[in-house]
Amino acid sequence: YTAANITVDQQGRITAAASGTSTAGGSDGELQYKLTKHTEWITAITFSPDGQKLATADRAGGIHLWDANSGGILLNLGEHKEAVRALDWRGDSRLLASAGEDGRLIWWDTVDGFPAINKVNAHPPQRPPGTYGIIPNGVLAARFDSEGRLVTSGRDQTVRVWDVDGNEIKKFKLETGIPLSNAITNQRTTVIIGDSAGNLQFNKL
């Protein structure tokens with residue numbers, strides 16, 4: 001199959017995912033295990049920083065945590081109602097952030113499997129005058145920095161920065177395009193934003 005998402009951990013293990021199936025192999029390319037619990041396309045996969053867990057998500061909103069060494073299932077995380085667009089681990093490997101097309105942004109406690117923080121409308125859309133119906137409010141990207149702050153991008157053309165308690169502390173509004181990816185520099189002074197127009201923006205924190 002064609003892999004839709006690939007990630008590598010610090011031990012050189014490679015995980016590839018597509019069409020509801022994940023496979024994990026060693027640095028020599030030998031297959032270690034195959035994960036088949038997802039029933040929809042896998043949209044995000046990521047190893048925990050300590051290399052002990054693997055998180056995977058799909059376009060139906062399902063998230064599963066696995067033992068990265070054996071491939072055994074650890075937890076099912078079920079809050080999202082639409083596709084999960086991004087997963088990212090906090091540096092201590094305890095909290096996992098998930099961002100979804102349903103507008104939810106969730107900080108998961110990966111020990112008990114419950115949300116530590118749940119923002120049901122993290123990027124509320126602005127309704128243009130004269131428009132009707134549902135306005136997309138998906139959260140498209142989420143990335144922790146080394147201090148545990150979380151940076152997210154949404155269909156509201158906004159990048160938001162959240163503190164360790166889930167409080168919004170800063171935001172950046174794009175004039176054109178939609179922010180699709182983001183990161184905070186190692187110096188923790190700048191947010192880098194990649195948008196749908198092909199631009200990279202550097203904003204001071």
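Trainee: Which strand is T190 found in?
Mentor: T190 is found in strand β18. Keep in mind that this is a predicted model.

Trainee: Okay, and is T190 buried or exposed?
Mentor: T190 is buried, with a relative accessible area of 16%. The cut-off for buried is under 20%.

Trainee: What does the side chain of T190 make a polar contact with?
Mentor: With the side chain of T189, at 3.4 Å. Setting aside neighbours within four places in sequence, T190 is also in contact with A183, I184, T185, F202, N203, K204 and L205.

Trainee: What sheet is β18 part of?
Mentor: An open sheet of three strands, in the order β17-β18-β19, with antiparallel pairing. The edge strands are β17, residues 179-184, and β19, residues 200-204, and each of these pairs on one side only. On average, neighbouring strands in this sheet are turned by 25° against each other, ignoring direction.

Trainee: How many bridges do β18 and β19 pair over?
Mentor: Five, in the antiparallel sense, with β18 covering residues 190-195.

Trainee: Let's zoom out. What's the secondary structure of the protein chain overall?
Mentor: The chain comes to zero helices and 19 strands. Buried residues make up 52% of its 205 residues. Looking at contacts between residues at least 6 apart in sequence, 34% join residues at least 24 apart.

Trainee: How many aromatic pairs does the structure hold?
Mentor: One. W107 and W162 form an edge-to-face pair, at 6.1 Å centre to centre and with 80° between the planes. W107 lies in β11, residues 105-109, and W162 in β15, residues 158-162, so the pair ties together parts that are 55 residues apart in sequence.

Trainee: Are those two, W107 and W162, buried or exposed?
Mentor: Both W107 and W162 are buried.

Trainee: And what sits over the ring of W41?
Mentor: The charged end of R59, 3.9 Å from the ring centre.

Trainee: Back to β15. Why is it largely enclosed by the rest of the structure?
Mentor: Five of the five residues of β15 are buried, so the strand is largely enclosed by the rest of the structure.

Trainee: Which way do the residues of β15 point?
Mentor: T158, R160 and W162 point one way, V159 and V161 the other way, and all are buried. As background, side chains in a regular strand alternate between the two faces of the sheet.

Trainee: Which strands does β15 pair with?
Mentor: β14, residues 150-154, pairs with β15 in the antiparallel sense over four bridges. β15 also pairs with β16, residues 168-173, in the antiparallel sense over five bridges. On the β16 side, T158 stands opposite K173.

Trainee: What about the turns in those hairpins?
Mentor: The hairpin of β14 and β15 has three residues between the strands, and Q157 takes a positive phi near 65° there. β15 and β16 form a hairpin with five residues between them, where G166 in the turn has a positive phi of about 85°.

Trainee: Which backbone nitrogen does the side chain of D102 reach?
Mentor: The side chain of D102 reaches that of K81 at 2.7 Å and that of R104 at 3.0 Å. Not counting residues up to four places away in sequence, D102 touches E79, H80, K81, E82, V120 and N137.

Trainee: Last one, R85. Where is its place?
Mentor: In strand β9, residues 84-89. R85 is partly exposed, with a relative accessible area of 34%. The side chain of R85 makes a polar contact with the side chain of E101 at 2.7 Å.

Trainee: What else does R85 touch?
Mentor: Beyond residues up to four places away in sequence, R85 touches T43, A99, G100, E101, V139, L140 and R155. R85 and A57 are 8.1 Å apart in space, C-alpha to C-alpha, and 28 residues apart in sequence.

Note on methods
Residues numbered from 1 in each chain as written. Predicted model: local features only at pLDDT ≥ 70, side-chain atom pairs only at ≥ 80, totals over all residues. Heavy atoms only, no water. Pairing = 2+ DSSP bridges. Helix = DSSP H or I, 4+ residues; strand = E, 2+ residues; numbered from the N terminus. Axes fitted to C-alpha atoms, helices over the stretch in contact; angles between N-to-C directions. Phe/Tyr/Trp six-rings, centres within 6.5 Å; stacked < 30°, edge-to-face > 60°. Buried < 20%, exposed > 50% of the residue type's maximum accessible area, 1.4 Å probe, protein only. Lys NZ or Arg CZ within 6 Å of the ring centre and 35° of its normal. Contact = heavy atoms within 4.5 Å. Polar contact = N/O pair within 3.5 Å; in protein donor to acceptor, adjacent residues only side chain to side chain.
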